[in-house]
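Please have a look at the model first.

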Protein chains: 2
Amino acid sequence: MSDKKIPYKIYLEESEMPKQWYNVRADMKNKPAPLLNPATLKPMTAKELSTVFCDELVQQELDDKTPYFDIPVEIQDFYKMYRPSPLVRAYCLEKALDTPAKIYYKFEGNNTSGSHKLNSAIAQAYYAKKQGLKGVTTETGAGQWGTALSMACSYFGLDCKVYMVKCSYEQKPFRREVMRTYGANVTPSPSETTNVGRQILAKHPGTTGSLGCAISEAVETATSLEGYRYVLGSVLTQVLLHQSIIGLETKAALDKYNITPDIIIGCAGGGSNLGGLISPFMGEKLRGEKNYHFIAVEPASCPSLTRGRYAYDFCDTGMICPLAKMYTLGSGFIPSSNHAGGLRYHGMSSVVSQLYDDKLMEAVCVEQTSVFKAATQFARVEGILPAPESSHAIKVAIDEALKCKESGKDKTIVFGLTGTGYFDLVAYQKFNDGLMDDYIPTEDDLAVGFAGLPKVEL
Amino acid sequence: MSDKKIPYKIYLEESEMPKQWYNVRADMKNKPAPLLNPATLKPMTAKELSTVFCDELVQQELDDKTPYFDIPVEIQDFYKMYRPSPLVRAYCLEKALDTPAKIYYKFEGNNTSGSHKLNSAIAQAYYAKKQGLKGVTTETGAGQWGTALSMACSYFGLDCKVYMVKCSYEQKPFRREVMRTYGANVTPSPSETTNVGRQILAKHPGTTGSLGCAISEAVETATSLEGYRYVLGSVLTQVLLHQSIIGLETKAALDKYNITPDIIIGCAGGGSNLGGLISPFMGEKLRGEKNYHFIAVEPASCPSLTRGRYAYDFCDTGMICPLAKMYTLGSGFIPSSNHAGGLRYHGMSSVVSQLYDDKLMEAVCVEQTSVFKAATQFARVEGILPAPESSHAIKVAIDEALKCKESGKDKTIVFGLTGTGYFDLVAYQKFNDGLMDDYIPTEDDLAVGFAGLPKVEL
């Protein structure tokens, strides 16, 4: 296939869109460790999980054997409104870098949530509706996940209660207004609406909140209201399952043109985008069919894979959620306040953690000024203003393409462009003004988080 | 063709993308009136125009005979980065309205400028580069056009100087930062950098600026700097020519499925999107091949077509630009400060004005609370958060679809969804909080603008 024939954007036809999600756990020899009940330290049962999560999502969470799950027609129909997302050949970036490498990116930003989060939000809302629930609760930081869930709930006529970290609620009012436009109920967290919120406010009257605290409030609300469940936008294996749509579409688009990537790169916060993008390729690697070089990219300021410990840990500050085994910095770890954008969760999806521990993928961490430099370079030649999160992957894709320039190798690089940076312009402004700096936690900084790890003897 | 076979989104293949723009003036019996030199009141010559505009754009501006212009390959390549834009079948909106009408929208928001403006920005930047210029100047209000031009200039390595209306510069810093990220030089207008700016500041020290004033500053800068020209994002016929890509793609997509629209709806500010969308369809109507019902939708607070006069008028406050014959409210007309979003220009493209005067199209005006209500309804079922401007077209598309419900007719409605509302959330917040109100200028309000119309005897 002549390179000239490959279009700038490869779109699948509707008929070529995946009709099943792929569950990479089915092909893993070493399965991810189970969630544990924090009280008994025994694996969570379906019954226990179903007080918090929708029944069908609990099944997906626990099932590490079934390789494919049918995507319900209702979800397929919603996907058709904003998917397939384009796989873009970065001709202009290649030219600007003067590299023999061939660079592709899967762009998930062409929807109002601005990111890939909608892929799982719509699935979770669908199962909640199917179960006859009234609504769902969740937490959100900067608001991408909350926006996605609001859109999904509005589509299915479900109530949506979002606990938004208070500093974001006040300082980033725009995503809050998007959520309200979609009919969601948005509460700044910590709030007076929950026990855990009242306790935190009593103890720290001036606090501006944290993601871990918002999770605790959302879970408490879901479990205390009739007809509500809690939903989560990353970390969980069910989320990775839904996000496999990213990788499946990417693979189908590449297959159409007989392209086999050498390197696949994704940014890693909780692991949902990365896990979704690499899943079908990782499946081939696990089954010994093909080999790929996977790179997870995380911020130097929140380096769970590259500097964390592989251990059971709390998922939330309130410690009411199940324990998960993951690469973690400890639930008490909080990234420096100068850290812009997402990718600030203390832990990592247990699937991604296990794959990394099994040395099936590489992880690197990068500093944020280099990330915004790459973001600006990318924006100027490829047009799209990338999200800071996505720009971590851009940075490493550029690095790899420059290595190809040195070695003369024409490797094929695929990376995930998870979203747009339209709501991150305060960070861009800081960078444009030369006021952004970097932060690398010291060993002492990390020790604080590690000290809070629970003692779990299995 | 069974209706079931029509996908949610019709994408053209790259090979099906238009390779020529269509110049609707070639098929107009009554040509739009020429631009006049404000000093001599004689038609502007190419030589006169070329002190302000790039040479090739001057040719396009003056040529009302050539029906098709080749799109240079460099522009085609840029178009491939974000085009073809999808023609979306609004299945979910149809269902929500319970209408037999079939609704399609051409969505131009999937690029970082957030609107259709990029279609002309890249063309204008290309011709400036080809002419060997150093850079271009322009004005911007809320910033969509400035963003589009910054992206285009960054792509071709041109300097870009943007005069941004001061109140937007200060109150809407995000688009400013997008422009800076693309390397543009953004100056709040009025500024100390121009004679006209200094004069205005001396006369009105506390002024927050206006679009007409920013135009004057941009034109002065372009004509006083070596190697610079001025570019404009709407109103001019060259811009309508470039924007015909919207209509040509729409028509190609409809033709693929043998769909003939009955009603075509576009929002109208300066007329660039509307003119671009309807051009090829209007060509068929002008040539007597087909009949379509065209509807221009404008805000009740700035009703140039529905309540303006068809007369020669100034295009800018400083009165240094050529005079244009257009439906106008007078260059002194300023929409009420409660008016959200764009569509606030006092005049209308001379092409659209002539077509309207020849009764080849209808125009309606709508109030902004009804527009935001339609926007919210649309967002909740179709996913996309629309720009306030685009939502004028949504409002009337919904109205027409509801008429079909009453009459039982299954008309095919196409409307232009020009962009996204991600940078308009202050207005959405106002609407969500129930604080938005409407404004309809009184006859006395309009009289002020009309009084400033120049006396032109031809």
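To compare the copies, we superpose them by least squares on the C-alpha atoms of residues with pLDDT of at least 70 in both. Before the results, please note that this is a predicted model, in which local features need pLDDT of at least 70, side-chain atom pairs count only at pLDDT 80 or more, and totals for chains, interfaces and linings use all residues. Residues are numbered from 1 along each chain as its sequence is written, chains are lettered from A and ligands numbered from 1 in the order in which they are written, and side-chain values use heavy atoms, with hydrogens and water left out.

Chain A is superposed on chain B by a rotation of 180° with 0.0 Å of shift along its axis, at an RMSD of 0.0 Å, and that is the relation of a two-fold axis. Among the residues of chain A, A:N110 comes closest to this rotation axis, with its C-alpha at 3.0 Å.

Turning to the interface, 43 residues of chain A are in contact with 43 residues of chain B, where contact means heavy atoms within 4.5 Å. Since 100% of the interface residues of chain A are also interface residues in chain B, the copies meet through the same surface.

As for specific interactions, the rule finds two salt bridges across this interface, each being a side-chain nitrogen of Lys or Arg within 4 Å of a carboxyl oxygen of Asp or Glu. One of them joins the side chains of A:D433 and B:R180, at 2.8 Å from N to O.
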